[in-house]
Amino acid sequence: MELILASSSPYRRILLSRLQIPFRCDAPATDESPVPGEQPQALALRLARSKAHAVAERNAGALVLGSDQVASIDGSLIGKPGNHAAAASQLQASSGRSVDFYTAVALVGVNCDYSLVEKFTVHFRKLSAREIDIYLHKETPYDCAGSFKCEGLGVALFSRLEGDDPTALEGLPLIATCRLLRQAGFDVLGDA
């Protein structure tokens, strides 16, 4: 059975590659705008499902994996900053606070439609403007929600992490992905 990652994200492609299973990527054309009043967890789940279903529609018989991540502080959405000024503002707002990341994964195929959301919380230490500026010049995480890369120097910004699957914070919860693949009859550790 062919496995397709419904994503153009290089981060998700690298994460799924860790499982050492064959797959290909197919970028969904999905509107990622939140619905008014939509909660972060619901938004992440809707987008992951929408991506998986969009790619499954044009790839009959394939097993399609979709994912999306939404970050929030006290329920307010935090997007990808896009530039230095917006990233500095996000990190200043996160300083000394907790940011919740909701990473949804959906698996769609013949007789298969599974999805779930993993929550991961990042507790930031108090950050000075100088530390934020130095960090952003060293790592430039402008394409990352929350304005950091936990797999890189971003760990220097945290006081602690809270969650079951650290790969959820990177953008694709691999523990949950393996669980959904097993439910669909695709054994990651089975005979190749």
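This is a predicted model: local features need pLDDT of at least 70, side-chain atom pairs count only at pLDDT 80 or more; totals for chains, interfaces and linings use all residues.
Me: Which residues of H4 are buried?

Reply: Buried means under 20% relative accessible area, exposed over 50%, and partly exposed in between (1.4 Å probe, protein chains only). In H4, the buried residues are Ile-132, Tyr-135, Leu-136 and Glu-139. Viewed down the axis of H4, these buried residues fall within an arc of 95°, so they line one face of the helix. The arc is that of the directions from the helix axis to the C-beta atoms. The face turned away from the buried side of H4 carries the exposed residues Arg-130, His-137 and Lys-138.

Me: What covers the buried residues of H4?

Reply: Contact means heavy atoms within 4.5 Å. The cover over the buried residues of H4 includes helix H3 (84-94).

Me: How is the length of helix H2 to be read, and what do its buried residues pack against?

Reply: The expected span of a helix is 1.5 Å times one less than its number of residues. Helix H2 (residues 40-57) has 18 residues and should span 26 Å; its end C-alpha atoms are 26 Å apart, which agrees. Among the buried residues of H2 are Pro-40, Leu-43, Leu-47, Lys-51 and Val-55. The buried residues of H2 pack against strand S1 (3-6), helix H1 (10-17), strand S3 (63-73), strand S4 (76-78) and S5.

Me: Where are Asn-111 and Ser-147 found, and is each buried or exposed?

Reply: Asn-111 is a residue other than glycine with a positive phi, near 55°. Asn-111 is found in the loop between strand S5 (98-109) and strand S6 (112-124), and at 76% relative accessibility it counts as exposed. Ser-147 is not a glycine either, and has a positive phi of about 65°. Ser-147 is found in the loop between helix H4 (129-139) and strand S7 (158-163), and it is buried, with a relative accessible area of 0%.

Me: How many aromatic pairs does the structure hold?

Reply: Rings of Phe, Tyr and Trp (its six-membered ring) pair if their centres lie within 6.5 Å; planes under 30 degrees apart count as stacked, over 60 as edge-to-face and the rest as tilted. The structure holds 4 aromatic pairs. In one of them, the rings of Phe-101 and Phe-148 have centres 5.6 Å apart and planes at 80°, so the pair is edge-to-face. Phe-101 lies in strand S5 and Phe-148 in the loop between H4 and S7, so this pair ties together parts 47 residues apart in sequence. Phe-101 counts as buried at 1% relative accessibility, and Phe-148 is buried with a relative accessible area of 5%.

Me: Which residues do the ring pairs link into a cluster?

Reply: Ring pairs link Phe-101, Phe-124, Phe-148 and Phe-158 into a cluster.

Definitions and conventions
Residues are numbered from 1 along each chain as its sequence is written. Side-chain values use heavy atoms; hydrogens and water are left out. Helices (H or I, at least four residues) and strands (E, at least two) are DSSP runs, numbered from the N terminus.
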